[in-house]
Structure formats: structure tokens, C-alpha cells
Amino acid sequence: MLIKKSNGTLLDALKAENIYINVPCNGRGTCGKCKVKILDSAPPATMAEKNLISFEELEAGFRLACYIPSDMTYDVEIDEKLISDKDFSIVSFYEHFDDNTTLNSMDGYGVGIDIGTTTIALELFDLRDGKLLKTHTLLNSQRAYGSDVISRIDHANKGGLEELNEKIISDLKTGLKVLLNDEEIIKATLAGNTTMLHLLMKADCSGLGVYPFTANFLDMKVGDLAELLDIPGQYTLLAGISTYVGADILSGIMHTNMHKNKSICILIDIGTNGEMAIGNQDSIITLATAAGPAFEGGNISCGLGSIKGAICQVNPDKTIKTIGDQEPLGICGSGLIDAIAIALANEDLDDTGFIENDEEIISITDHIFLTQKDIREFQLAKSAIRAGIEVLMIKYGIEAKNVDKVYLAGGFGKFINLENALTIGLLPKAFNGKIYRVGNTSLGGVRKFLLYNDIEKEVDYIKSIAKDLNLAHDPLFNELFMEHMLFEQ
């Protein structure tokens, strides 16, 4: 395809053409994921490109789009499988929990929406009987500006707020167009992390990315859908708990009834942001830990998100399973856990994460592998999650063996091999037998708010008993982070 001359880099030019490559680093030149093949005259490779691209690929004309000045028209080739929206696996299911709430029956239709950093899920309900009529999922097109909230905040604060707002508004309108036929929406309920809701409302993001990390708003917002999305009806944005524990986690707490139970439960959403909560009806503690993009394939040599062709399972006999049963293109987070657990069992890795075989790589297929750098990236992500869990339990005054239930939320929690996650130390071994995969709890909580009576009181109650921990300068977290860099065997 021909990409015309424009300002900035070739990556910027691709974005202008609405061609989105997975760029976890938002064009900072560190992840190596914006690899394209220049079909005409490729410019000389930079030192960074030489470090991130193999010699054979450099000779064939592969370069990083974020390093190429867009000062001329380029004829480029991009692997369609890596930019196709339809190949992405998006989780919209959620487990249902028994509740004594009563249906708030009324004529008309309602929509529940979960805005994730990577994906968006929408559900259409008949408000008369609460019946789910249709579900639609799509990718968040803001991902072109980085896979994590820090990249989005940075882009917003450098003049890109309008651009990011337009992306999410366009995505929601696209999703609603698919979801609706002749149905008239009476109300919509939305949840998402604090950054996603700020970008939706075009709110000032300047306080989100710098200490002491302050949000422009955290309270529930109610408004006119016509002003937000050009359709009639009323919208409600669920309240958040803190800058990095947003409405999506509050919605998950509400969905799982943590705030109503005597038993002590933990809710964990393993991903780039690593949000989690512990507690019961008396008190809840929350925190977020910056795990980085490794669990979503970012900063991993052959890493991919949850797209068709991503290796999602690695077995001890070296057989693999890919999403969609396609030819393997790379490896996603659940496959990473398996591959590392097997490498430890085979003594190709020691407990410090050092690769001990002669090849100095962990081979998964003949062309997909893990390097020493990949292992270190994974250790950073794994340790951030585990240290966060340990801090939560210590601050709550409970040991892992005394936690009653552990709810793993989100797509990552759905697919990981729990035995391997326990083996490598991502989760405490004392959690064995207590873990429940609960799916998209944010969307589940949105449904509850949309359909049932007196749920606003539950939101207010959760906010009243929830205390958020800021790990930015917490010496306990730093100590535990270093401790859990090691693998357990």
C-alpha cells in the first residue's frame, strides 16, 4: 500500500490513514511492534532498529514505522493479521451472582457499556423483563496511541485530548449502530477506568499522570445521551474509587457482591494496570500496580495481544494451542505463563529467570521464542501483580490461606492455566482451590445498575467503605516487588 508523505513519522502517517498497528510504547521506539516492510528503497536502519529487528529482516526491508520520517511516499507491506480488528478475541461474558435485588421494570431498552483500555463491550437489554437481547464487542481505537493508560494520558496532555475523545465517541457510535435496529434507548450505563472516562468526557487529564495522581472527577455522572452520542435517552457514568482504581473495579465489586458478604474475597484484574480489591461488607481496600504490557504481549519479542494466531497455551510435550486454531503468529500472556512454567520445570530457566540452555532462548516453535530480555519483562509484570496482592493482604491483616474466594476478572483471567500461574508465583499457592474465573465483571456490574432497583445506594456504600492504597512511595511494595522477582518452583 502507498502511504503518502505527511508530517511526523511513518507511524503517524499510518494513523492518519486509520491503519492501526499494535504499538504498546506509543511510538517511543522501545517495543519493536510497529514493524513494516518497505517495498521500495528502505532508509538506513537506526541502531534501535538493529537491536529490535533481525539482520535477515533488515536486509529484506523491514523497519520500524516510528523511526521512519514521513518525508516521502512509501510503498509498505503490513501483515494484515496484525492489524485486523475482526481477529481480536474480546471477553464479554461474566458469571452471574445470586442477589436479592428486584428488577426495575419499565418500557423501553437499555444499554450497558464497558470501556476498556483495549476493548469495548456493549449489551442491549429489554428493560421490561431484563432480558439480554444482543451483545457487541469492538476494539478501542485509542490503542493506536499506546496500549496503557499512561501513554493515553501523555498523548492527551500534549494536545491529543480532542483526538482521543473523537476516537472513543466514534467507537461507541459504531457499536451502538450495530447493536440497535429500531429500539429506542431510554438509558445507558457506562463503566471504565478513570482515564477512559476522562477521555470520554473530554475532561482535563493533567493530574492523572503526575504525583499525587488526582482525577478531574470520580463521582457518578448523569447526562443527556443526545449530547454525548447523538441518540435520545439518559446516560450514567458509574463512580470511581481513585485515579487508578476506577468505575470498572467498583462495578466489579458490586457485581461479585463483595460489599455484601461476610467472607473476605479478593478481586484481581490482571493486565497492564493490575487493579485489585480485598474485603467484605465491613471494609474494602483497593490498589493498582503498574504491571506493564507484558501480559498483553507488549515488550515481548514475539508477543501479541489476544488475536487469532496468538499462542494461548503451551503444553509440556511442546504442543501448542492458538486463538482461533490458526497458524502461530506469536504468543500472548496466557501462553507466556505456560512457556515459562515449562522452562522452569525443564531447568531451562533458574529461579532468578536466567536462561541456562546453550541456545540462550526459550524455543516455543521454530520461529517463536523468548529471549532473556523477554523473561525479565515478564518478571517485572509478574512481580508487580504478586507484590500488589501481598500488600493488599498485609494491609488488610489477613494471610492468603484465610482468604475465602479469589475472583479473577477480565480476559486474561479467563484463559490462564491456574496451576502454572500458582507454580511460577504469579498467585500465592494458598489460593489453590479458591480461584473463580468471573469474566468481565465491569460489564456485569453495569448490567446490575441498569436493570435493578436501589443500586445507586450500593455504589455509594462501596465508595464509603473503600480505601485506596497509593503504591508510589510505599517501601513495603518495593521490598515485596524485589522479593517476588524470583520464580517459585
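The legends below describe close-up views of a predicted model. Residues are numbered from 1 along each chain as its sequence is written, and side-chain values use heavy atoms, with hydrogens and water left out.

View 1. Helices are DSSP runs of H or I with at least four residues, strands are runs of E with at least two, and both are numbered from the N terminus. Asp374 is buried but forms no salt bridge; buried denotes under 20% relative accessible area, exposed over 50%, and partly exposed the range in between, for a 1.4 Å probe and protein chains only. A salt bridge requires a side-chain nitrogen of Lys or Arg within 4 Å of a carboxyl oxygen of Asp or Glu. Lys373, the nearest side chain of opposite charge, is 5.2 Å away from Asp374; Lys and Arg count as positive and Asp and Glu as negative, with His and the chain ends not counted. A polar atom of the Asp374 side chain lies 2.8 Å from the backbone nitrogen of Thr371. When neighbours within four places in sequence are set aside, Asp374 is in contact (heavy atoms within 4.5 Å) with Asn299, Ile300, Ser301 and Phe369.

**View 2. The second largest pocket, with about 700 Å³ of space.** The lining comprises 28 residues, of which Ile150, Tyr244, Ala288, Thr289 and Ala290 are the closest to the centre of the pocket. Helices α4 (149-179) and α14 (475-483) are the elements that give two or more residues to this lining. On a 1 Å grid over the protein atoms alone, a pocket is an open set of points with protein on both sides within 12 Å along at least five of seven lines, and lining residues have an atom within 4 Å of a point. Grid points are joined across faces, edges and corners, and the volume is the space filled by probe spheres set on the points.

**View 3. The salt bridge between Lys448 and Glu458.** The N to O distance of this pair is 3.3 Å. Salt bridges with shared partners join Lys260, Lys448 and Glu458 into one network. Lys448 is buried at 5% relative accessible area, and Glu458 is buried at 9%.

**View 4. Two further salt bridges from a count of eleven.** Arg128 pairs with Asp126 at 2.6 Å, N to O. Arg128 is partly exposed at 46% relative accessibility, whereas Asp126 is buried at 6%. Glu399 pairs with Lys401 at 3.8 Å, N to O; Glu399 is partly exposed at 48%, and Lys401 is exposed at 57%.

**View 5. Backbone geometry in two loops.** Most residues other than glycine have a negative phi, and most peptide bonds are trans. The peptide bond from Tyr211 to Pro212 is cis, with omega near 10°, and Pro212 is placed in the loop between α5 (194-200) and β9 (221-224). Phe213, found in the loop between α5 and β9, has a positive phi near 60° and is partly exposed at 24% relative accessible area. Glu347 has a positive phi near 60°, lies in the loop between α8 (333-345) and β17 (362-363), and is exposed at 59%.

Definitions and conventions. This is a predicted model: local features need pLDDT of at least 70, side-chain atom pairs count only at pLDDT 80 or more; totals for chains, interfaces and linings use all residues. A polar contact is a pair of N or O atoms within 3.5 Å; within protein, one must be able to donate a hydrogen and the other to accept it, and residues adjacent in sequence count only if both atoms are side-chain atoms. On a 1 Å grid over the protein atoms alone, a cavity is a set of points where a 1.4 Å probe fits but cannot get out, and a pocket is an open set with protein on both sides within 12 Å along at least five of seven lines; lining residues have an atom within 4 Å of a point.
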